[in-house]
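Morning, everyone. I have one structure to show, and I will keep it short. Please have a look at it first.

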Amino acid sequence: MKMTLRMLPAAVLSLLAGIPGAWAQAYPAKPIELVVHTSAGGGGDLFARTVAEIITREKLLPQPLVVNNKAGGGGTIAFSYVAGKRSDPYILLAVPSTVLLTAPLRSGLDIGLDKFTPLASLGLDLNGVTVRADAPYATFIEFVEAAKREPNSIVIGFGSIGGTGHYLAYQLEKVTGARFKIVPMKGSQAVLSVLGGHVHATTENLSEVMGHVEGKKMRVLGVPATQRVAAAPTLPTLREQGYDIQSGVRRGFAAPAGIPKEAAIALESMLEKAHQSVGWKEFATKNLLDNTYLNAAAWSRYLAERQPDMVQFMKDAGLMGKP
């Protein structure tokens, strides 16, 4: 009987891990677990399941990719679980950049960047400064001028403390010098509160407001991006209005620290192919993502470069050590 690599004992496979050719044939030898830090139906879950479906449909992985939701603790439950699987190439984490960078600061847990192997980021989920369609501000500049005339008179609602909506509101004050009344809310409550006239603006994701924008009920005053979103080219950026503010959550994937190099390369290649697929392009367009791909090296640099800003944000917002 002809013996295959999959029939070899685990100890032998372990020895073969240092041989690139052997890894190419042997990995993955079993299903891979994809951990998501939100419950089913959330934005992070939708992203992860979409990518998993693309990988399955395009046959980019010879083994099943099984999604496992581990919600709770502001991401700490999922991150701690994956971080504890050091060197295991059979577990992946769907990573929202903001949560990955803030969770260890808020929790005090040892789940920092050194506990993970960044693999790739498929796109940037952008926020916007959005008001009701009948708001008296035609531009972001007018919005800022109104806030400066009457500090704390303009109320901005966002979805979660320490999230990208909160960070954008923080950046608005820091960069413009205006002072707003910033109010945390739950889920889609911030968008509904703008529609109901209870708050003046929201800094939530574009994907959450665009249906109302297209229905002429809301208006986006500015997007914190370096250039206009390809899927919504009529939306102005904050940069073109004189304020170089960038904010959003980069969505990508990571594995535990210490996985074999060959496994990391194989997983990165799989994700790059998923990003090139028609299914991903359709998802990115529908959800107004900045569809820029970052490979493992660029994704690692991005997270490292963003970390100091997020540490300062957490300190200024009084969120350090507050789960």
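This is a predicted model: local features need pLDDT of at least 70, side-chain atom pairs count only at pLDDT 80 or more; totals for chains, interfaces and linings use all residues.

Let me begin with the six-stranded sheet. The sheet is open, its pairing is mixed, and the strands run in the order E2-E1-E3-E10-E4-E11. At the edges are strand E2, residues 65–69, and strand E11, residues 289–290, each of which pairs on one side only.

Inside that sheet, please look at strand E4, residues 116–126. E4 pairs with E10 in the antiparallel sense, over nine bridges. To find the place on screen, go to aspartate 125, which stands opposite valine 249 in E10.

Now the helices on this sheet. H5 packs on the sheet and touches strand E3, residues 91–96, as well as E4 and E10. The direction of H5 makes about 95° with that of E3. Helix H10, residues 261–275, lies across strand E1, which is 32–36, and across E3, E4 and E10. H10 runs at about 15° to E4.

On to the five-stranded sheet. This one is open too, with mixed pairing, and its order is E7-E6-E8-E5-E9. Strand E7, at 181–184, and strand E9, at 218–222, are the edge strands. Strand E5, residues 129–132, pairs with strand E8, residues 201–202, in the antiparallel sense, over two bridges. Threonine 130 has threonine 202, in E8, as its bridge partner.

Two helices pack here. Helix H6, residues 140–149, touches E5, strand E6 at 155–158, E8 and E9, and its direction makes about 80° with that of E5. Helix H7, residues 164–176, touches E5, E6 and E7, and its direction makes about 150° with that of E6.

Last, the largest pocket. How much space lies in it? About 1,100 Å³. The lining has 43 residues, and those nearest the centre are His37, Thr38, Val99, Ser160 and Arg251. Among the elements that give two or more residues to the lining are helix H3 (43–57), helix H9 (206–214) and helix H11 (278–286).

Which element gives the most to the lining? That is H5, with six residues. By type, the lining divides into 11 nonpolar, 26 polar and six charged residues.

That is all I have.

How values were computed. Residues are numbered from 1 along each chain as its sequence is written. Side-chain values use heavy atoms; hydrogens and water are left out. Two strands pair if DSSP finds at least two bridges between them. Helices (H or I, at least four residues) and strands (E, at least two) are DSSP runs, numbered from the N terminus. Contact means heavy atoms within 4.5 Å. Axes are lines fitted to C-alpha atoms, for helices over the stretch in contact, and angles run from 0 to 180 degrees between N-to-C directions. On a 1 Å grid over the protein atoms alone, a cavity is a set of points where a 1.4 Å probe fits but cannot get out, and a pocket is an open set with protein on both sides within 12 Å along at least five of seven lines; lining residues have an atom within 4 Å of a point. Grid points are joined across faces, edges and corners, and a volume is the space filled by probe spheres set on the points. Ala, Val, Leu, Ile, Met, Phe, Trp, Tyr, Cys and Pro count as nonpolar, Asp, Glu, Lys and Arg as charged, and the others, Gly among them, as polar.
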